[in-house]
Amino acid sequence: MSFTIKEGIAWVGKIDWELKKFHGEEYSTHRGSSYNAYLVRDEKTVLIDTVWSKFAHEFVENLQKEIPLEKIDYIIANHAESDHSGALPILMRRIPDTPIYCTANGVNFLKGLYHQDWNFKIVKTGDKLSLGSKELIFIEAQMLHWPDNMMSYLTGDHILFSNDAFGQHIATELMYNDLVDQGELFQEAIKYYANILTPFSKLVVKKIQEVLALKLPVDMICPSHGVIWRDNPLQIANKYLEWAADYAENQISIIYDTMWDGTRRMAEAIARGITETDSTVAVKLFNIARSDRNDVITEVFKSKAILVGSPTINKGILSAVAGILEEIRGLGFKNKKAAAFGCYGWSGEGVKMISEKLKEGGFDVVSEGLREKWNPNAESIENAVNFGKAFAALL
Ligand code: FEO
């Protein structure tokens, strides 16, 4: 499959309807994804990115229906990660001398991944490659989200090939932002930001401001996953600026696991206390052992505060809670409040351990937390309601 985006520019990627887990098992992709590659024909012909190695043969077969491979003058590798460079080994066996333009880190990473000494051309921000009547201008985008990332801007057609930035994991035959369900589109875009880009928010702001300062007209943003932004393309850049500014909605997420329902009953009582104090706040509960981790991280991203609960077990906490705490610690959320809660039978360290982990993750832990011995009775449920009320009052 291929389709024309604009005269002389074709999408030549792969839509992956089957993908349900990405980055190994680390990232859930309920709606599949796509690996977008683009072919730009001017006096010179350039291929921008490839696809995941799993689809390499199919990609090369389709590409040669589009153009004889030897007519490809240049290859741009905006990012070395395998979902975009995976077809290079097979493609380069067919056209071994074709120059590959990428950043200095890109060369190191491609060599590290494929152990091939291809005809690399290192580029930096501001470097240009003439295609005849148009030029590609390269913009390094270090740590968005790997050290090698870059974007390529096509003059004349005013297209920013942004690679991972502004992408979304969506499989669709409706490849433009104005054609797809907007709720699904922005849910996948924010999930992508929350799970991948949160640690790099300062760099996101700096890079977007740098690109906007160039005052290049942008008619389309073509990312490497999901739909092409052609309707008001800069709306997604503005969303990124909003998300990068310690984003929070009027939401509180309560994340817990439970052994015999005591911690669940506490979670529900805390939720009741919050809503009784502030009926406008969206309170969402997640049993983390039964929830998708990446979806919960997206909810944490949207929350102004979180509560995390676990019973104490073996002087520790339940593994599903420990797992999500480790993930959110690594993401480095900013400007969010938190507290811990949980049941215990004898030693009862769980709440303290959760509080410590939350502090390590940069959360402002606003209370000592709430511990209840054994299964909550009417009095301890009332305590949990009051804990929820006090927590809501502190926000
Ligand atoms: Fe879509 Fe960083 O790869």
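Two strands are said to pair if DSSP finds at least two bridges between them, and this meaning of pairing is used in every legend below. The views are all taken from a predicted model.

Seven strands, in the order E1-E2-E7-E8-E9-E10-E11, form an open sheet whose pairing is mixed. Its edges are strand E1 (3-6) and strand E11 (120-122), each of which pairs on one side only. From one strand to the next, the twist averages 25 degrees.

Helix H1 (residues 56-66) lies across E2, strand E7 (38-41) and strand E8 (45-48), and it runs at about 20 degrees to E7. Helix H4 (residues 104-114) also packs on the sheet, where it touches strand E10 (100-102) and E11, and its direction makes about 150 degrees with that of E11.

Within H1, the residues Ala56, Phe59, Val60 and Leu63 are buried. Because they cover an arc of only 95 degrees around the axis, they lie on the same side of H1. The buried residues of H1 pack against E7, E8 and helix H3 (88-94), whereas the face turned away from the buried side carries His57 and Lys65, which are exposed.

Ser201 lies in helix H6, which spans residues 201-213. Is Ser201 buried or exposed? Buried means under 20% relative accessible area, and Ser201, at 13% relative accessibility, therefore counts as buried. When residues up to four places away in sequence are not counted, Ser201 touches Tyr193 and Ala244.

**View E. Strand E17, buried on both faces.**
Strand E17 (residues 251-256) is largely enclosed by the rest of the structure, because 6 of its 6 residues are buried. In a regular strand the side chains alternate between the two faces of the sheet. Gln251, Ser253 and Ile255 lie on one side of E17, while Ile252, Ile254 and Tyr256 lie on the other, and all of these residues are buried, so that both faces of the strand are covered.

**View F. The parallel partners of strand E17.**
Which strands does E17 pair with, and in what sense? E17 is joined by 6 bridges to strand E18 (residues 282-287), and the two run parallel; here Tyr256 stands opposite Asn287 in E18. E17 also pairs in the parallel sense with strand E19 (residues 305-309), over 5 bridges, and in this pairing Ser253 stands opposite Ile306 in E19. Taken together with helix H8 (residues 262-277), E17 and E18 make a right-handed β-α-β unit.

**View G. Strand E16 beside strand E15.**
Strand E15 (residues 159-163) and E16 pair in the parallel sense over 4 bridges, and the bridge partner of Leu160 in E16 is Ile221. Met220 and Cys222 point one way from strand E16 (residues 220-223), whereas Ile221 and Pro223 point the other way, and all of them are buried.

Key
Residues are numbered from 1 along each chain as its sequence is written. This is a predicted model: local features need pLDDT of at least 70, side-chain atom pairs count only at pLDDT 80 or more; totals for chains, interfaces and linings use all residues. Side-chain values use heavy atoms; hydrogens and water are left out. Axes are lines fitted to C-alpha atoms, for helices over the stretch in contact, and angles run from 0 to 180 degrees between N-to-C directions. Contact means heavy atoms within 4.5 Å. Buried means under 20% relative accessible area, exposed over 50%, partly exposed in between (1.4 Å probe, protein chains only). The arc is that of the directions from the helix axis to the C-beta atoms. A crossover is right-handed if, with the strands pointing away from the viewer, the path from the first strand over the helix to the second runs clockwise.
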